[in-house]
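I opened my notebook to look at how the side chains pack here.

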Amino acid sequence: MRKGSYDKTQREIRNKMIALGLKETLTYVLINDKEVNGYTLDEFEPLKLLDPITEERNTLRYSMIPSLYKIYEYNKARENKDVCLFEIGKGFWKKGEEYGENQKICVLMTGKYYEGIGHNKNVDFYDIKGVTEELLDYLGYAGRYSFMKQEMPKEMHPGQSAMINVNGSNIGMIGKIHPSVTKDDVY
């Protein structure tokens, strides 16, 4: 979401996401330069640090998906297969001589999703779509958004992903991570 594009405070959005059964996380804004162009079709120049402490964290992120995916990998390695979390953070970019940052929200869901007392189910595309619809409705975009089948980043599954379109502009995407990245159902 772009800063100022909604009237809700970040605290209210956090509370809504928690009410939807997601846990909040906070990840590093610095990622590896090999990951910075992943999960996006946008054109931009990566913002690489001049003197990074480590090569693993040498570039400011554009997308938050690589950061959340690392949390998924960490949990999977420790046999925690039920991961439903979100992060509100910033993405950074450079286009020509213009530098910028924008506020984003990112959700990662895999494994079982808690739907209420005694009701857990395996996460699928419709769960991530439902969370997205709940958030967009909560932010006041009810009736003004749609999910469009368009070209997707190569890291996203082409048959289980869609662009989020609000008032004729693509503002994000939802979907499953491509099987070439992981064989697990990660959305």
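I looked up the aromatic pairs and got a count of 4. I kept in mind that this is a predicted model.

I checked F44 and Y62, which make a stacked pair, 4.1 Å centre to centre with 15 degrees between the planes. They come from distant parts of the chain, 18 residues apart: F44 is in the loop between β2 and β3, and Y62 is in the loop between β4 and α2. Buried or exposed, I wondered about F44? F44 counts as buried because its relative accessibility is 12%, under the 20% cut-off. Y62 is buried too, at 6%.

Y69 is buried at 9% relative accessibility, and Y72 is buried at 3%.

**Charges over rings**

I found the charged end of K8 over the ring of Y138, 4.6 Å from its centre. I also found K95 over the face of W93, 5.2 Å from the ring centre.

**Cores**

I then looked up the largest nonpolar core, which has 23 residues. M17, L22, M109, Y113 and V131 have the most contacts inside it. Helix α3 gives the largest share of this core, 5 residues. I followed V131 and saw that it touches M17, L20, L22, M109 and Y113, leaving out residues up to four places away in sequence. A second, separate core has 16 residues, among them L68, Y72, M152 and M163.

**Confidence**

Last, I checked the pLDDT: the protein averages 93, and 96% of the residues score at least 70. Residues 1–6 are below 50, so I wrote a caution beside that stretch.

Note on methods
Residues numbered from 1 in each chain as written. Predicted model: local features only at pLDDT ≥ 70, side-chain atom pairs only at ≥ 80, totals over all residues. Heavy atoms only, no water. pLDDT = per-residue confidence, 0-100. Contact = heavy atoms within 4.5 Å. Core = buried A, V, L, I, M, F, W, Y, C linked by side-chain atoms within 4.5 Å. Buried < 20%, exposed > 50% of the residue type's maximum accessible area, 1.4 Å probe, protein only. Helix = DSSP H or I, 4+ residues; strand = E, 2+ residues; numbered from the N terminus. Phe/Tyr/Trp six-rings, centres within 6.5 Å; stacked < 30°, edge-to-face > 60°. Lys NZ or Arg CZ within 6 Å of the ring centre and 35° of its normal.
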